Amino acid sequence: MSVVLITGGTGAIGSAIAAEYAKTDDVIITYNSRKDEAERLCAELHCDSIQMDVADSISVDAAAAEVLRRYGHVDVLVNNAGISQIKLFTDTSSEDWQRVLGINLTGCFNVTQAFVRSMISRKSGAIVNISSVWGVHGASCEVAYSASKAGMIGMTKALAKELGASGITVNCIAPGVIDSPMNSSHLSDDDLRELAESTPLMRLGRAEEVAQAVRALAENRFITGQILGVDGGFY
């Protein structure tokens with residue numbers, strides 16, 4: 001039985017990953033402000049939760065210390081916490097930029113750094129980062145988001161080379177358009193319909209399909225430094 005930690009565990013993709021792993025493993029999800037949702041999800045899945053602001057290294061370090069105290073180690077780390085933003089580049093403020101990169105990219109750095117030493121000491125572990133198809137190809141009016149997700153891809157490739165000798169794999173999922181509250185809150189029904197029609201499989205992706213890909217990458221011990229598009233052939 002592995003110990004799996006998933007950041008941003010109350011969102012559609014995070015909760016699907018938690019549900020996938022809760023069938024067989026010990027699961028810890030992190031949340032920032034959605035304590036009630038985290039508790040509801042953990043009651044349903046029989047998993048654990050802990051508060052963590054991924055953009056704040058002090059919060060991350062305190063939460064990581066508590067997780068390691070309770071469980072001793074983490075076998076699989078899934079950096080899933082993130083936010084999106086749709087804005088013209090000319091309307092994007094410095095504060096907007098810092099907030100998106102702070103959560104999506106710096107958050108990935110903070111959490112990975114908090115757990116990776118334990119993985120190195122055990123010479124074992126799997127890290128899976130949740131990027132986006134827009135991190136690969138870029139999206140108009142999502143410059144900050146695209147930049148943050150592209151940064152996660154660069155971090156994945158570099159860290160895989162650095163940690164390989166320690167028996168740690170580092171991979172990345174680049175989901176396409178997933179049927180999720182985050183997308184439906186930013187995109188109209190017409191936008192979502194158009195995106196589905198632009199996907200060769202003629203539909204939006206499901207969070208469960210991302211979760212299955214996370215498990216597959218984490219379990220294969222000879223795959224590292226890879227970016228897996230779970231996008232229905234969108235690109």
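In the predicted model, Ala12, Ile13, Ala16, Ile17, Glu20 and Tyr21 of helix H1 meet Ala207, Glu208, Val210, Ala211, Gln212, Val214, Arg215 and Ala218 of helix H9. The residues of this contact between H1 and H9 comprise 10 nonpolar, one polar and three charged. The axes of H1 (residues 12–22) and H9 (residues 207–219) come within 8 Å and cross at roughly 55°. An angle between 35 and 65 degrees counts as oblique, and H1 and H9 are therefore oblique to each other. The crossing of H1 past H9 is right-handed.

The largest nonpolar core holds 31 residues, of which Val74, Leu77, Phe115 and Ile127 touch the most other members. At least two residues of this core are supplied by each of strand E1 (3–6), helix H3 (57–71), helix H4 (94–122), helix H6 and strand E6 (168–175). The greatest contribution to this core comes from H4, with eight residues. Not counting residues up to four places away in sequence, Ile127 touches Leu77, Asn79, Thr112, Val116, Met119, Leu163, Ile168, Thr169, Val170 and Asn171. A second, separate core of 30 residues includes Ile6, Ala16, Ile29 and Ala218. Of these, Ala16 in H1 and Ala218 in H9 also belong to the contact between the two helices.

Helix H6 spans residues 143–163 and contains Ser146. Ser146 has a relative accessibility of 8%; because buried means under 20%, Ser146 counts as buried. Apart from neighbours within four places in sequence, Ser146 is in contact with Trp134, Gly135, Gly138 and Ala139.

Terms used
Residues numbered from 1 in each chain as written. Predicted model: local features only at pLDDT ≥ 70, side-chain atom pairs only at ≥ 80, totals over all residues. Heavy atoms only, no water. Helix = DSSP H or I, 4+ residues; strand = E, 2+ residues; numbered from the N terminus. Buried < 20%, exposed > 50% of the residue type's maximum accessible area, 1.4 Å probe, protein only. Contact = heavy atoms within 4.5 Å. Axes fitted to C-alpha atoms, helices over the stretch in contact; angles between N-to-C directions. Parallel < 35°, antiparallel > 145°, perpendicular 65-115°, else oblique. Left-handed = near helix turned anticlockwise from the far one by under 90°. Nonpolar A, V, L, I, M, F, W, Y, C, P; charged D, E, K, R; others polar. Core = buried A, V, L, I, M, F, W, Y, C linked by side-chain atoms within 4.5 Å.
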